[in-house]
Amino acid sequence: MAAYFSLILVLVTLGSGLIWLVDVIFFAPKRREKLELAQANASELSEEAIDKIVREPILVETAHSIFPVIAFVMILRSFIYEPFQIPSGSMMPTLLVGDFILVEKFSYGLRDPVWRSKLVETGEPERGDVFVFKYPENPKIDYIKRVVGLPGDKIIYRNKQLMIQEACDTGKDCAAPKLIEHTELNRGEFSQNGVPLIRLNEQLGEVNHDILINPSRPDFRQHFYPQPGMQAGEFLVPQGMYFAMGDNRDNSTDSRFWGFVPEENLVGKAVAIWISFEFERTPDDWLPTWVPTGVRFERAGGIH
């Protein structure tokens, strides 16, 4: 249902607006003429009689009431900010399950909400951005990851070490791949299946952020996306595409496994957490598991 929400919102907006417009042009003038005729033939009309003559039909009254609200919501959601909920831990520790975030829709161009054609060019993803995009293998699903590779970059991921050779013009001496260095912060703050995860600080472009590494898991290079002409674990980002990775490096299905994010799949830049809920109920609790157990007020704020 969520995948069709934009289409439903547009249809409801257009439908209610069209009903209201048709009434304003054709039927409202007839009601006014009817009122003038009734007033001319009667010495005095009661308020009840006047209301009965000029009253809008239920359908028109409903359209008249909801159109301004639904149009405002459509414009806000389609072109300015859209709320999203984080459903998985692939972006830990930056984003946690239960975080509700705002995505800036105009960061990477204004698009129409149905066909997603770019209407106005406003910017492009930068290395280190946390961005939302349509999953290339199923565009009905929204994914959130971090921009690691830009068009023309060569990305190398081996033994959980990330190297980036930035794009350069053909025929020029290109810089050697640069190892993205890390500073260990702690072990055990987060865990997976009882295994303490290593929290590292990483500088990616202009963005300083933290990632998680599971020391007990291999890098699954044998399952990486096989790009023709490249060795396993090496990726050359095509023009008009981006390479995305989750901050929870060993618990993220991302570009390493399914390839690149096309520019037309971009939704927007994640800019803020507006509220964060804890969900720690068990199936034995009398309340449903989707009912929050608490609010993490301290998580509200910008995303880095």
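## Phenylalanine 220

Phenylalanine 220 is partly exposed, with a relative accessible area of 24% (buried is under 20%, exposed over 50%, and partly exposed in between, with a 1.4 Å probe and protein chains only). Phenylalanine 220 belongs to the loop between strand S12 (207-213) and strand S13 (234-236); helices (H or I, at least four residues) and strands (E, at least two) are DSSP runs, numbered from the N terminus. Its phi is near 55 degrees, a positive value in a residue other than glycine.

## Basis of the model

This is a predicted model, in which local features need pLDDT of at least 70 and side-chain atom pairs count only at pLDDT 80 or more, while totals for chains, interfaces and linings use all residues. Residues are numbered from 1 along each chain as its sequence is written, and side-chain values use heavy atoms, with hydrogens and water left out.

## Further backbone features

Lysine 160 also has a positive phi, of about 65 degrees, although it is not a glycine. Lysine 160 lies in the loop between strand S7 (154-158) and S8, and it counts as buried because its relative accessibility is 16%.

Methionine 92 and proline 93 are joined by a cis peptide bond, with omega about 5 degrees. The loop between strand S1 (81-85) and strand S2 (99-104) contains proline 93.

## The second largest pocket

The second largest pocket holds about 280 Å³ of space. On a 1 Å grid over the protein atoms alone, a pocket is an open set of points where a 1.4 Å probe fits, with protein on both sides within 12 Å along at least five of seven lines; lining residues have an atom within 4 Å of a point. Grid points are joined across faces, edges and corners, and the volume is the space filled by probe spheres set on the points.

Of the 13 lining residues, Glu166, Lys178, Ile180, Gln203 and Gly205 are the closest to the centre of this pocket. Strand S8 (161-165), strand S9 (178-179) and strand S11 (195-204) each supply at least two residues of the lining. By class, the lining has 6 nonpolar, 3 polar and 4 charged residues (Ala, Val, Leu, Ile, Met, Phe, Trp, Tyr, Cys and Pro count as nonpolar, Asp, Glu, Lys and Arg as charged, and the others, Gly among them, as polar).
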